[in-house]
Amino acid sequence: MTQKMAITLDVNGTGHEIRVEPRKTLCDALRADCGLTGTNVGCEHGVCGACTVLMDGVPVRSCLMFAVQAQGKALRTVEGLSTGGKLHALQQAFTDNHALQCGFCTSGFLMLAAGTLEQQPDIDDESLREVLSSNLCRCTGYQNILRAVRQVRDAGKAGAR
Amino acid sequence: MKAGSFEWHPARSADEAVALLAQYAPQDGRVIAGGQSLVPSMALRLAFPSHLIDINGVDEFAKVRVEGGELVIGACVRHAAFHVTVEPGPLGRLLVQVVHDIAHYPIRQRGTFCGSLANADPASEWCLVAAVLGAKMVARSARGTRVIPAADWFQGIMTTALAEDELLAEVRLPLLPAGTRAGFYEFSRRAGDYALAMALVSWRDDGDAMRDVRIGAGAVEAQPRRIAEAEALLEGHPFTPAAIEAAAAAASAAVDPLEDVHTSAEYRRDLVGTAVRRAFAQAGS
């Protein structure tokens, strides 16, 4: 066991002062040290995308980074999507379109979609399919997830918080 | 699974990075850039370095630029940088075409071009680009800098000419002359999976004849390479469907394909011909 390091993670605009071993992944630190358990951990080797978070505005796999590497970065997790008890447009659209069943993949899909629509608000259908192929869902068959994200894109609400 | 213990050494400059590497490479130290192959290898305990020299904070490694007829790609330039054209010529357009087949969107935000070259997976798209276009790899260490041509770089599956105390500081790709046409095609069973075969082709149309024909295959043998037998059938000849068909068949016959539980050598050999044909069909001007 190597020495723990004192680091600060900026998550959803709040600083979290934590002590972690360098080998601790960002997703484990978010859950165990920051207490933010909305980010799920699936495969732990970058295949499933359940742990997707935003780092400086772009979606990344939080299991493929060590927490110490995320110092000084602006992190956003699913806990940061809703504001004042009001769901983010994507969360509402996932609900309305039955884009989740068991929900394990949902926080990853929401952050993937949120980051993508913020970067590319006018993304075309083919590119959106390519982006959403990044994450695995074993319940929905993907069509309802696509429908939900397209609905938000079409409504131009990606920036609405 | 979780990665084993290691000490983390963030570097702020290239000089600091090579100094740290000189110190820690003999103690099982490794460089981490995007980490999109290294971190899963560590999680699966296929890799367990004692020290990681982290070069993500080295600003000089984050740049891509054109210099002396070459596209110079720094050690920390992410795959996602190539979602848009990084230079206005045929090379910039080819790289946009290729990048979409690399893993998935979030992986491309973090993984790096040079990391793919250093990892040298047989199914790496950037390794095929480097092999076919004749990239030069610039290796830095505390001992100095040396340039390694693509022909000497690849030394088998996930093995390169890089010494343990060297880091791949940049890759230099020759710009493609105006009028060059280039195409890429890869086949995988699911979006984002490792390719089972891929092909990259480029040529110039000189009146009725194809010139500077390059045909390469990746994800087929231990390392990507050009296929001289196929190129020779097209060099100096007009672009016709029959000629492309003959070149695809020659490429298919020339390779010595890897086998795995999902893919027989025979199937992979057949895919090479298909990939070459489709790469020509996809070629933009």
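Over all chains, a search of the whole structure finds 23 salt bridges, a salt bridge being a side-chain nitrogen of Lys or Arg within 4 Å of a carboxyl oxygen of Asp or Glu. The model is predicted: local features need pLDDT of at least 70, side-chain atom pairs count only at pLDDT 80 or more, and totals for chains, interfaces and linings use all residues. Residues are numbered from 1 along each chain as its sequence is written, chains are lettered from A and ligands numbered from 1 in the order in which they are written, and side-chain values use heavy atoms, with hydrogens and water left out.

Side chains of opposite charge can pair when their charged atoms come close. In chain A, A:Lys24 and A:Asp33 meet at 2.8 Å, N to O. A:Lys24 is partly exposed, at a relative accessible area of 25%. A:Asp33 is partly exposed as well, at 29%. Here buried means under 20% relative accessible area, exposed over 50%, and partly exposed in between (1.4 Å probe, protein chains only).

In chain B, B:Lys136 forms a salt bridge with B:Glu70, with the closest N and O atoms 2.9 Å apart. This pair links distant parts of the chain: B:Lys136 lies in strand 6 (residues 136-141), B:Glu70 in strand 5, and 66 residues separate them. Helices (H or I, at least four residues) and strands (E, at least two) are DSSP runs, numbered from the N terminus. B:Lys136 is partly exposed at 35% relative accessibility, whereas B:Glu70 is buried at 11%. Both belong to a salt-bridge network that also links B:Arg65, B:Glu67, B:Glu170 and B:Arg172. B:Asp193 pairs with B:Arg190 at 3.0 Å between the closest N and O atoms. B:Asp193 is partly exposed at 26%; B:Arg190 is exposed at 57%.

Helix 3 of chain B (residues 90-99) has 8 of its 10 residues buried, so it is largely enclosed by the rest of the structure. Among the buried residues are B:Leu91, B:Leu94, B:Leu95 and B:Val98. Their cover includes strand 5 (70-74), helix 6 (125-133) and strand 10 (197-206) of chain B.

Between the chains, 31 residues of chain B are in contact with 30 residues of chain A, contact meaning heavy atoms within 4.5 Å. The two chains bury about 2,400 Å² between them, 59% of it on carbon and sulfur atoms. Buried area is the accessible area (1.4 Å probe) that two parts lose on being put together, summed over both. The count here is 3 salt bridges. A:Glu44 forms a salt bridge with B:Lys2, at 2.5 Å between the closest N and O atoms. On the side of chain B that touches chain A, strand 1 (7-10), helix 2 (38-43), strand 3 (51-54) and helix 4 give two or more residues.

Chain A itself is assigned domain 1 (5-79) and domain 2 (89-155), with bounds from an automatic or database domain assignment. Their centres, taken over C-alpha atoms, are 21 Å apart. In all, 19 residues of domain 1 are in contact with 15 residues of domain 2. The two domains bury about 1,300 Å² between them, 56% of it on carbon and sulfur atoms. A:Asn40, A:Thr52 and A:Val78 lose the most area in domain 1, together 31% of what that side buries. The count between the domains is 1 salt bridge. A:Glu118 forms a salt bridge with A:Arg76, the closest N and O atoms lying 3.0 Å apart.
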